[in-house]
There are 2 protein chains.
Amino acid sequence: MTTEKIRLIPLGGLGEVGKNMMVVEYGDDIIIIDVGVMFPDDEMFGVDLVIPDTNYLADKKRRIRGILITHGHEDHVGGLPYILPMLDFPPVYATRLTQGLIQVKLKEHRLLDKATVNVISPGDQVELGECRAEFFRVNHSIPDAIGILLRTPLGNVVHTGDYKFDYTPIDGKPADFGALGQIGNEGVLVMMGDSTRVESPGYTPSERVINDSLDKIFANAPGRIIVATFASLISRVQQVVDTAARYERFIAFSGRSMINNVQMAMELGYLNVPKGMIIRAEDINKFHPDQVVVVCTGSQGEPTSALTRIANQDHRLIRIAPGDTVILSATPVPGNEKMVHRTINNLFRLGAEVFYQGLSNVHVSGHAAQEELKLMLSLLRPRFFVPVHGEYRQLVLHAKLAYSLSIPEENIRVAEDGDILEVTEGGIELIEHITSGNVYVDGLSVGDVGQIVLRDRKVLSQDGILMAVLTVDKETGQPIAGPDIVSRGFVYMRDAEELLESARERVLESLIGLNGHSSDWAFVKDKIKHTLSEFLYEKTHRRPMILPVVMEV
Amino acid sequence: MTTEKIRLIPLGGLGEVGKNMMVVEYGDDIIIIDVGVMFPDDEMFGVDLVIPDTNYLADKKRRIRGILITHGHEDHVGGLPYILPMLDFPPVYATRLTQGLIQVKLKEHRLLDKATVNVISPGDQVELGECRAEFFRVNHSIPDAIGILLRTPLGNVVHTGDYKFDYTPIDGKPADFGALGQIGNEGVLVMMGDSTRVESPGYTPSERVINDSLDKIFANAPGRIIVATFASLISRVQQVVDTAARYERFIAFSGRSMINNVQMAMELGYLNVPKGMIIRAEDINKFHPDQVVVVCTGSQGEPTSALTRIANQDHRLIRIAPGDTVILSATPVPGNEKMVHRTINNLFRLGAEVFYQGLSNVHVSGHAAQEELKLMLSLLRPRFFVPVHGEYRQLVLHAKLAYSLSIPEENIRVAEDGDILEVTEGGIELIEHITSGNVYVDGLSVGDVGQIVLRDRKVLSQDGILMAVLTVDKETGQPIAGPDIVSRGFVYMRDAEELLESARERVLESLIGLNGHSSDWAFVKDKIKHTLSEFLYEKTHRRPMILPVVMEV
């Protein structure tokens with residue numbers, strides 16, 4: 001029996017950048033594409049990570065046939081350790097390098113023996129209930145990235161994953177144009193396409209252009225060379241290794257995730273380092289500066305990363321000397337600009353020569369620009385199109401671009417997380433919106449930090465807190481001791497003794513004549529709160545959180 | 001008598017972007033150039049504004065001959081209302097538009113009758129003790145910007161202010177090349193030059209290129225057009241007015257600072273709007289959408305600005321309808337990207353066509369790119385050079401650029417806020433470093449928010465606070481009531497009753513056998529703090545601020 005519809009339910013990555021997760025439903029079968037995380041923004045005070053809300057799947061676990069992973073970046077695999085247990089560990093399918101990266105993660109979370117991660121290759125087929133998944137190679141800023149063709153009885157569903165077209169990729173494996181052409185010829189019912197870089201005209205340059213920049217920098221570097229990049233950007237590491245080999249430099253790796261990923265990529269054959277070229281970071285001082293390259297983490301200015309420590313003269317092993325060269329081979333992720341600039345400024349202060357994006361050609365994007373997006377749409381020629389992976393404006397711009405290629409307006413749908421799209425032979429409709437959104441990981445727990453806690457953290461961060469503690473007689477309701485006034489993050493208490501003493505007096509005054517209500521502590525607390533709030537705003541124009549505590553003895 | 005040295009003491013703007021303030025000392029004379037503010041970054045929780053630390057001047061007030069202002073942007077004039085009173089109101093010198101903008105500010109702070117702001121024009125001379133200041137016109141993203149030539153008995157000091165070279169500026173007044181050439185011929189002892197855009201190769205385009213973009217957008221806009229830009233960018237407002245006139249649209253202004261600045265600029269003749277063209281924002285619905293342009297604030301996504309309210313459907317008067325066009329004629333200031341993107345996404349959601357930097361040519365910078373920096377250095381040919389206005393890396397890059405133009409390395413000094421540079425006939429040296437840095441304005445008070453308060457706000461913002469309140473008998477030291485545990489921003493208390501109850505028990509246990517120390521409350525508090533901190537980290541991996549309060553009765 002063929003069911004007459006396919007449902008697409010984005011749980012993450014549509015209307016935002018990060019935590020990508022797409023649910024595809026056909027009949028009784030549910031197939032999930034990617035389970036990513038997002039890094040918290042400034043408003044998510046104290047949150048460590050954000051994962052998709054998978055509540056929609058809670059009563060549908062037994063229908064999940066598999067999770068297909070397009071590539072090994074955090075925003076595509078980072079949610080697995082949290083969400084696999086919630087979904088009773090459905091089988092995961094990923095290419096070899098991606099599987100390696102996932103295993104590193106699962107190991108950290110002690111989930112290796114519970115999860116099943118099957119290795120697939122481009123061209124493989126996987127039966128998933130009534131559907132069949134196939135995989136085609138795409139280029140991205142990590143090797144072994146794939147797009148997905150999901151054959152359903154109603155028609156073919158294609159998800160591009162993150163991609164760009166690189167005719168000369170570092171690993172020598174361009175996107176599979178033949179497969180894409182064939183899929184297009186066969187017919188695509190609905191296509192989901194990466195929108196991340198839709199605002200950029202033209203083509204994203206090949207990873208290979210980095211070679212020339214690296215070569216020029218290496219040729220002129222008198223001292224040590226330190227290259228910071230994403231730990232998952234294995235192909236960039238390969239480029240640095242190749243250049244280092246040409247200039248007869250030894251190479252050391254620094255940063256936990258860099259060391260782990262490099263080791264895994266070498267074991268799996270995704271990174272080739274000539275024998276004897278690797279030295280330990282502990283040993284770099286045994287070599288002349290012009291014999292050494294260090295590849296490390298910290299291209300985003302992350303506070304505890306290797307490069308940030310180096311820039312702060314806080315690294316256990318590596319010290320910058322004038323004449324050293326630092327290359328930041330990455331672009332700041334939006335929101336990280338200030339931290340990255342701080343790192344660069346500190347490196348300049350230490351006398352390093354610093355090359356970074358904007359000043360020098362040391363990074364290219366992994367996402368398709370406008371002409372590549374048009375190429376993908378033209379190869380696949382889908383009946384229906386759903387832009388994915390992007391903020392709302394980017395989804396709309398991608399939709400307009402598809403429209404400019406003659407896909408009819410009614411066949412294109414801009415959807416956001418939680419929208420349920422229904423695809424039939426006849427059309428594509430947004431039929432429902434379910435609860436979706438952010439689940440916060442903070443410390444050990446997942447999901448217990450919600451809007452109330454975050455709102456409180458925001459208030460606390462703005463003007464601090466002021467507590468008034470009062471002890472009253474249980475019988476008479478009369479104040480026995482206090483109010484004691486304590487504040488944090490509001491004013492420096494030693495400087496503000498007079499202000500706080502006046503506040504104390506105000507509270508006492510406000511309590512006079514309250515005997516009638518003596519045991520109605522909620523009323524008393526409200527009174528204290530109101531009095532203090534008004535008084536402090538008048539005196540300081542600040543609004544600290546005010547917390548009255550009444551103790552009965 | 002000529003004294004043999006000039007001292008340059010940057011109090012703001014060197015090693016950072018914002019709060020520009022430069023002190024020049026010759027003999028007994030002190031001349032100040034600009035008194036700006038900086039907007040707080042993410043780490044300055046709850047701070048409203050940041051101003052320079054002027055402690056260095058506290059015992060030198062009577063030597064201050066004047067404050068020279070280069071132009072009317074916040075990072076050059078915004079500190080005046082706070083710092084003029086601290087310095088006993090020395091006379092201020094500014095061009096006409098700049099004076100107008102300063103007066104608006106002083107009025108808000110009720111300082112109009114205390115401060116003296118003298119209007120000067122390019123070419124004017126002002127005697128300041130033994131020195132004489134002259135002013136030359138430069139181009140910047142605000143009209144009436146000047147650079148300063150300060151003639152001292154030892155030699156000429158030049159400060160460029162913020163500048164670019166615009167051969168076809170909107171106000172028809174290009175930089176005064178003649179004056180610059182003549183100053184160069186006469187000889188410049190030391191030059192201070194704007195470094196903001198040193199990372200950009202080539203030339204900054206003329207403001208005039210915006211005209212073509214505006215024209216194209218206006219020609220195709222079917223509905224209302226809303227243009228958001230900086231309220232001080234009077235020349236951009238003029239461009240919008242001119243385009244609106246060409247397309248026979250009425251114009252309304254929205255946003256308090258936009259309305260104030262437009263009115264002042266019109267009164268002073270810096271903005272020309274054809275008669276009858278202005279309508280009130282209240283009246284825009286009386287006109288056909290294609291007859292209306294709104295110019296408003298909010299190009300930085302500021303939460304309470306006009307455009308942000310419009311994007312949130314929260315504006316009192318203006319509602320977006322599909323077919324409306326919005327132009328963000330500004331670049332996000334670093335750190336504001338997320339807020340700007342949020343605004344753009346919301347405008348897309350409302351069905352507006354949105355034009356913004358990156359997608360469309362609707363803004364140009366007001367600062368000189370590399371070729372213009374070289375031009376300025378070549379016109380002035382200074383003996384000594386000090387890069388100003390920029391983060392550390394930008395100052396170094398500007399220094400390298402000057403070196404590439406054959407200024408000897410020893411004649412160039414990269415200095416940061418608080419460094420004292422001494423210039424003599426023979427050389428330029430960094431002789432001392434004084435305390436400088438940030439003074440925080442928070443609510444009504446200036447300077448009382450320091451590192452301790454900010455550190456507390458940071459801790460509070462990450463994991464919240466947990467208080468344990470204990471009442472003890474004054475005589476015996478025995479607990480009478482409590483500990484009561486209250487938390488905010490840590491966990492949602494209703495979900496965490498069990499955790500907090502266990503925490504309570506832990507505190508009680510930890511107090512057993514403490515009788516010997518009964519009245520040593522500091523010891524008891526430390527014990528409570530330590531116990532809770534360990535327990536909560538073990539259970540949650542979070543580190544809330546812990547505040548024990550002991551009440552004696």
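Analyst: Gladly. Helices (H or I, at least four residues) and strands (E, at least two) are DSSP runs, numbered from the N terminus. This is a predicted model, where local features need pLDDT of at least 70, side-chain atom pairs count only at pLDDT 80 or more, and totals for chains, interfaces and linings use all residues. Residues are numbered from 1 along each chain as its sequence is written, chains are lettered from A and ligands numbered from 1 in the order in which they are written, and side-chain values use heavy atoms, with hydrogens and water left out.

User: Where is A:Phe89 found?

Analyst: A:Phe89 sits in the loop between helix H2 (80-86) and strand S6 (92-94) of chain A. Its phi is near 55 degrees, a positive value in a residue other than glycine. A:His541 also has a positive phi, of about 55 degrees, and is not a glycine; A:His541 lies in the loop between H14 and S25 of chain A.

User: Why is the pair A:Arg256 and A:Glu108 called a salt bridge?

Analyst: The term asks for a side-chain nitrogen of Lys or Arg within 4 Å of a carboxyl oxygen of Asp or Glu. The N to O distance here is 3.0 Å, so the pair qualifies. It links distant parts of the chain, with A:Arg256 in helix H7 (residues 256-267) and A:Glu108 in helix H3 (residues 96-108), 148 residues apart. Over all chains, the structure holds 75 salt bridges.

User: What makes A:Asp463 and B:Arg457 a salt bridge?

Analyst: Their side chains meet at 3.9 Å, N to O, which is within the 4 Å limit, so this pair counts too. Across the interface of chain A and chain B, the rule finds eight salt bridges.

User: How many residues does each chain give to the contact?

Analyst: With contact meaning heavy atoms within 4.5 Å, chain A gives 70 residues and chain B gives 70. Buried area is the accessible area (1.4 Å probe) that two parts lose on being put together, summed over both. For these chains that is about 5,700 Å², 60% of it on carbon and sulfur atoms.

User: What is the volume of the largest cavity?

Analyst: About 150 Å³. On a 1 Å grid over the protein atoms alone, a cavity is a set of points where a 1.4 Å probe fits but cannot get out, and lining residues have an atom within 4 Å of a point. Of the 15 lining residues, those closest to its centre are A:Asn139, A:His140, A:Ile142, A:Pro143 and A:Asp171.

Technical notes. 1 Å grid on protein atoms, 1.4 Å probe; cavity = no way out; pocket = protein on both sides within 12 Å on 5 of 7 lines; lining within 4 Å. Points joined across faces, edges and corners; volume = space filled by probe spheres on them.
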